[in-house]
Amino acid sequence: MIQDIFPSKLHNEFVKCDIKAGDFLLSFNEKGEILLGKNGQEVLFPVAGDIQCEKSVYLFSIDDKKYFLQLDDKNASGEGYSYYSIRDVRDQFIGKEVYAVFTAYHLWKWYKDNVYCGKCGKKLVLDDRERALRCPECGNIIYPRINPAVIVGVIKGEYLLLTKYKRGYAHNALVAGFTEIGETLEETVAREVFEETGIKVKNITYYKSQPWGMAQDILVGYYCEADGEGEIHMDENELKYAEWVKREEIILQPNNFSLTNEMMRMFKEHKR
């Protein structure tokens, strides 16, 4: 999955520091596209000095390489660099750098969406003690947003319930959805499967989780079993496809970044 970068390691703890020569400087435009170079399928990041930047903030490190985010509103440019959407990055690049891009996007989106205090309307400032934005007027603190969502592998004997979204990602997927206020993750599983496919489930079992920065999510994977015949009544507003697919007939996604793809592969290979 995208976060599996061993032996490298993401260090996401807050550090108050200034950018130095050789540090990576990541720049997003208003559309959320990131400025990158490309060497085959390898990501090349701009470094301090490659692009003009008046204000930046430390994001994280991978091993001993520091990543900073450009905070001023100027569109950056540099010889050999182009802007790529996050989906372009997912489709065209490989390696631990893709994880860095997704994680940086998650934080860029948070900084972009939180400029003024929601309580008093004053402009927020960077907190100097933790990863937070602070209102200098009323003291309101805003932390990075993380959306909990479930990914569900619904099993019926030798069959797995596969779906395709009506809009967006075109490859095979599993039932997925966001946790609502006041419900457990297991309740989210049962509700989302029923809402999207009309199937009731039982024996809900946790599998694994995954950070998914392109949507500001933490994805939580579960397997469960169809309770009853498993007759599908698809929500056509959400999905364009929902079918029971036999193990050996499952077509996986074109890369190994997602929890969804790993869960489909585990079932296909008789590991679930």
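**Reading contacts, salt bridges and cores**

Guide: Setting aside residues up to four places away in sequence, Q3 touches Y99, S209, Q210 and P211. Please keep in mind that this is a predicted model.

Visitor: Where is Q3 found, and is Q3 buried or exposed?

Guide: Q3 is found in the segment before β1, which covers residues 10-11. The cut-off for a buried residue is under 20% relative accessible area, and Q3 counts as buried because its relative accessibility is 18%.

Visitor: With which side chain does the side chain of Q3 make a polar contact?

Guide: The partner is the side chain of Q210, and the polar contact spans 3.2 Å; Q210 is also one of the residues that Q3 touches.

Visitor: How should I read a salt bridge, and how many salt bridges does a search of the whole structure find?

Guide: The general idea is that side chains of opposite charge can pair when their charged atoms come close. A search of the whole structure finds twelve salt bridges, and among them is the one in which the side chains of K109 and D113 meet, at 3.3 Å from N to O.

Visitor: In which helix do K109 and D113 lie, and how many residues apart are they?

Guide: An α-helix has 3.6 residues a turn, so residues three or four places apart point the same way. Here K109 and D113 both lie in helix α2, residues 96-113, and are four residues apart, about one turn of the helix. K109 is partly exposed, with a relative accessible area of 25%, and D113 counts as partly exposed at 43% relative accessibility.

Visitor: Which residue forms a salt bridge with E262?

Guide: That residue is R265, and the closest N and O atoms of the pair are 3.9 Å apart. Both E262 and R265 lie in helix α4, residues 259-268, where they are three residues apart, about one turn of the helix. E262 counts as buried at 10% relative accessibility, whereas R265 counts as partly exposed at 24%.

Visitor: What do the side chains of E269 and K271 meet in?

Guide: They meet in a salt bridge, at 3.1 Å from N to O. E269 counts as partly exposed at 37% relative accessibility, and K271 is partly exposed with a relative accessible area of 48%. Through salt bridges that share partners, K208, E262, R265, E269 and K271 are joined into one network.

Visitor: Turning to nonpolar cores, which residues in the largest one touch the most other members?

Guide: The largest nonpolar core has 57 residues, and L36, F45, L59 and F60 are those that touch the most other members. Helix α2 gives the most to this core, with eleven residues. A second, separate core of 14 residues includes V150, V189, V193 and I199.

Visitor: How many residues does helix α3 have, and which of its residues are buried?

Guide: Helix α3, residues 185-197, has 13 residues and reaches 18 Å from its first C-alpha to its last, close to the 18 Å expected at 1.5 Å a residue. Its buried residues are T188, V189, R191, E192, V193, E196 and T197, and V189 and V193 are also included in the second core.

Terms used. Residues are numbered from 1 along each chain as its sequence is written. This is a predicted model: local features need pLDDT of at least 70, side-chain atom pairs count only at pLDDT 80 or more; totals for chains, interfaces and linings use all residues. Side-chain values use heavy atoms; hydrogens and water are left out. Helices (H or I, at least four residues) and strands (E, at least two) are DSSP runs, numbered from the N terminus. Buried means under 20% relative accessible area, exposed over 50%, partly exposed in between (1.4 Å probe, protein chains only). A polar contact is a pair of N or O atoms within 3.5 Å; within protein, one must be able to donate a hydrogen and the other to accept it, and residues adjacent in sequence count only if both atoms are side-chain atoms. Contact means heavy atoms within 4.5 Å. A salt bridge is a side-chain nitrogen of Lys or Arg within 4 Å of a carboxyl oxygen of Asp or Glu. A nonpolar core is a set of buried Ala, Val, Leu, Ile, Met, Phe, Trp, Tyr and Cys residues joined through side-chain atoms within 4.5 Å. The expected span of a helix is 1.5 Å times one less than its number of residues.
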